[in-house]
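Please look through the structure shown below before reading on.

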Amino acid sequence: MDSLTFLYKTIPGRVFLKLLTTRAVSKAAGAFLDSRCSAFLIKSFVQKNGINLDDYQTDGIKTFNQFFRRKIKNDRRPYDMEESHLAAPCDGLLSVWKIDADTVIPVKQSQYTIQSLLKDENLASEYKDGLCLVFRLCVDNYHRYAYADSGKKGPNIFIPGILHTVRPIALEDSPVFTENCREYTVIESPVFGKLVQMEVGAMLVGRIVNLEGEGTAVRGKEKGFFEYGGSTIIVLLKKDAAVINENILKNSATGIETPVKMGEQIGIKA
């Protein structure tokens, strides 16, 4: 039995998970990764995950979290600035879902409808028959992300994570064990319409750091970064806003995630 199966699908594991995800434990873990005492973890992390340090700016890094949120060198992620092109806002493994009332999106050991993801019934209804793009970041990916497109930007809406009950009745075939912490903003793009860009963090340690509040989004500009913890970016597009590349759609239809890099074209205006 692997660790995730133990934590999420057994009663003892879920009791332990409840303890792990308390505010006190999470804060303590975050404080450690922010401290110089965590620096010894960097070397083994690089080796284990095959990270090419030549791609990154590493001067002055003294803690594990500083390394995890490291910046990439300027020429390593050119951003496609053609207005009609939809570009990936981050590195990751991309899956695309058609949105309808019954669409359930798997995100980080949890399952969401668009309404439960946003906690906003009216906003969710605007994306019926649209597209949900899920970018799953792995630990070796670049953990900074950009605005998907330019436009008027709404406030950052934060939704805290929740760990659900450990009662045996929760251990069914497809339960929602957790709701991860997440933060989203609405961008009014003149090209792709009203889109939602969301960051999903881990309940334990993972932190979402967005750099700007309400104002103006600029395509390709750094929007923020994740600190340690599994990470996901979600982009919601309205019906007929964009046409996604055929190879990505074919892969998604068969459950295959497509590796993408930040700034790379993944679709085109419909």
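**A buried arginine and its surroundings**

At 2.6 Å, the side chain of Arg144 reaches the backbone oxygen of Arg69. The model is a predicted one, in which local features need pLDDT of at least 70 and side-chain atom pairs count only at pLDDT 80 or more, while totals for chains, interfaces and linings use all residues. Residues are numbered from 1 along each chain as its sequence is written, and side-chain values use heavy atoms, with hydrogens and water left out.

Arg144 belongs to strand 8 (residues 144-146), where strands are DSSP runs of E with at least two residues, numbered from the N terminus. Because its relative accessibility is 8%, Arg144 counts as buried, a term that means under 20% relative accessible area with a 1.4 Å probe and protein chains only. The side chain of Arg144 also makes a polar contact of 2.9 Å with the side chain of Glu222; a polar contact is a pair of N or O atoms within 3.5 Å, of which, within protein, one must be able to donate a hydrogen and the other to accept it, and residues adjacent in sequence count only if both atoms are side-chain atoms. With neighbours within four places in sequence left aside, the residues in contact with Arg144 include Cys90, Gly224, Phe225 and Met262, contact being heavy atoms within 4.5 Å.

Thr258, in strand 20 (residues 258-260), is likewise buried, because its relative accessibility is 7%.

Leu94 leads on to the largest nonpolar core, which has 28 residues and in which Leu86, Leu94, Leu133, Phe135, Ile233, Leu237 and Ile266 touch the most other members. Such a core is a set of buried Ala, Val, Leu, Ile, Met, Phe, Trp, Tyr and Cys residues joined through side-chain atoms within 4.5 Å. Strand 4 (92-98), strand 7 (131-137), strand 18 (231-237) and strand 19 (242-244) each give two or more residues to this core, and strand 7 gives the most, with 4 residues. Apart from this core lies another, of 20 residues, including Ile99, Tyr112, Val196 and Leu236.

Strand 21 (residues 265-269) pairs with strand 3 (residues 85-87) in the antiparallel sense over 3 bridges, where pairing requires that DSSP find at least two bridges between the strands. Within strand 21, Gly267 is the bridge partner of Leu86. Strand 19 also runs antiparallel to strand 21, joined by 3 bridges, and Val243 has Ile268 as its bridge partner in strand 21.

Terms used. Buried < 20%, exposed > 50% of the residue type's maximum accessible area, 1.4 Å probe, protein only.
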